[in-house]
Amino acid sequence: MSNSVSAIANAPTVSQTQPASVNTAYRTRQWKPEQVLFTPAALDEPWGQQILERVRSLDLPVEFLKANRITGLRGETERETYSVAKRTLAVVTAPASQLKLTPIPPSADWQFHLAQGCPAHCQYCYLAGSLQGPPAIRVYANLPQILDNLKHYEKSDRDTSYEVSCYTDPLGIEHLTGSLAECIRYFGTRERGYLRWVSKFDNVDGLLGLPHNGHTRCRFSINAAPVSRFLEGGTASIAERLQAVRKLALPREQGGGGYPIGFVVAPIMPIENWQEEYSQLLDQAANTLDFDCDLTFELISHRFTPGSKGVLEQWYPNSKLDLDESKRSVKRNKFGGTKYVYDKDTMKTLKAFFEDAIAQRFPNAEILYWT
């Protein structure tokens with residue numbers, strides 16, 4: 001089997017798993033944008049005013065725009081544009097088109113958005129090529145309208161699931177917006193509506209006491225040490241993410257949030273010694289979750305499109321991520337789009353490993369899908 005990311009394969013492996021009760025000394029800093037832009041429409045929204053109060057409490061520089069367009073973020077090169085945009089928080093209103101939800105299988109029935117653009121710097125970023133314009137973090141000030149719209153998609157005779165903000169990391173910007181907590185509160189009042197979110201950050205303390213009523217599943221993206229350490233810039237460490245999962249999953253009477261939780265192992269890559277690396281990851285997760293909890297797994301192999309490759313090579317010109325099409329199989333969708341995925345034998349081997357490894361360590365967990 002070829003090593004698809006051989007350039008990162010010689011990175012040091014993770015050390016012995018720490019006991020679940022031990023916290024690491026290193027803490028990931030919360031993202032603080034260098035400029036915060038507010039459109040007039042956003043300021044007209046009560047939720048926009050709430051975001052403004054949060055931003056001001058952090059002493060961040062604020063600029064009030066005269067029009068509802070975000071301009072001035074482009075540099076002379078794509079790399080310069082990326083740098084400026086990723087340091088910018090723009091508070092805007094979601095356009096009417098976003099109130100028409102789209103399905104997002106296999107993750108959930110529907111997706112809706114609190115923001116677009118992510119503060120992390122993952123060199124395999126799935127947003128590359130899928131967002132229009134500079135990759136600034138645009139958060140939505142008309143949150144009450146967005147939430148009120150969701151009831152039109154619920155079914156009275158079955159549960160309906162919603163993935164929130166797959167175009168950002170909602171926990172990574174929660175200290176600036178408070179929007180994720182508001183979503184959790186909302187879904188805690190629904191009879192048949194369920195919320196799902198995923199993150200690579202760890203600032204969960206503000207979510208522990210919320211009245212979620214079991215209607216929110218908190219999932220964290222995790223990966224083998226060489227991948228997380230060298231390709232996931234600006235995120236919490238795996239140890240920190242696992243501690244966040246533990247807090248959320250612990251019962252309320254033990255000081256936790258009592259949430260259903262999940263792991264999204266992604267993007268899975270057959271790096272050198274991948275069985276050992278991913279075994280260590282799953283051992284670390286099992287040691288951290290040393291109590292009964294409602295746990296699911298989602299398994300996603302690495303893939304890329306021609307468009308995303310072009311963007312990623314401009315954003316991260318020195319990346320060691322292997323985007324060699326000659327080592328991949330081509331997968332086409334019904335609309336004619338192309339993705340480059342691992343060959344069938346590699347996929348079969350990876351899938352079998354994870355199914356067996358998860359069953360051994362988490363016999364009561366459900367694997368929702370492999371892709």
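Which residue of β13 stands opposite Arg219? I opened the notebook with this point and looked it up in the predicted model. The residue opposite Arg219 is Gly262 in β13.

**Entry 1: the pairings of β13.** I followed β13 to its partners. Five bridges join β11 to β13, and the two strands run parallel. I then turned to β14: strand β13, residues 261–268, is joined to strand β14, residues 295–301, by six bridges, again with a parallel course. Two residue pairs I noted here are Ile261 opposite Leu295 and Phe263 opposite Phe297. From β13 the chain passes through helix α9, residues 274–288, to reach β14, and I recorded this β-α-β crossover as right-handed.

**Entry 2: burial of β13.** I asked how many residues of β13 are buried. The count is eight of the eight, so the strand is largely enclosed by the rest of the structure.

**Entry 3: the eight-stranded sheet.** I next placed these strands in their sheet. The sheet is open, holds eight strands with mixed pairing, and has the order β4-β5-β9-β10-β11-β13-β14-β17. Why is one side of β4 and of β17 left without a neighbour in the sheet? Strands β4 (102–104) and β17 (366–370) stand at the edges and have a single partner strand each, so one side of each lacks a neighbour there.

Entry 4: Helix α8, residues 238–249, lies across β10, β11 and β13. I recorded its angle to β11 as about 165 degrees.

**Entry 5: the five-stranded sheet.** I then moved to another sheet. Five strands make up this open sheet, in the order β2-β1-β3-β8-β6, and the pairing is mixed. Its edge strands are β2 (62–64) and β6 (115–116), each of which pairs on one side only. Within this sheet I examined β1 and β3. Four bridges join strand β1, residues 35–38, to strand β3, residues 88–92, and these strands run parallel. Which residue in β3 is the bridge partner of Gln35? I found that the partner is Thr88.

Notes
Residues are numbered from 1 along each chain as its sequence is written. This is a predicted model: local features need pLDDT of at least 70, side-chain atom pairs count only at pLDDT 80 or more; totals for chains, interfaces and linings use all residues. Side-chain values use heavy atoms; hydrogens and water are left out. Two strands pair if DSSP finds at least two bridges between them. Contact means heavy atoms within 4.5 Å. Axes are lines fitted to C-alpha atoms, for helices over the stretch in contact, and angles run from 0 to 180 degrees between N-to-C directions. Buried means under 20% relative accessible area, exposed over 50%, partly exposed in between (1.4 Å probe, protein chains only). A crossover is right-handed if, with the strands pointing away from the viewer, the path from the first strand over the helix to the second runs clockwise.
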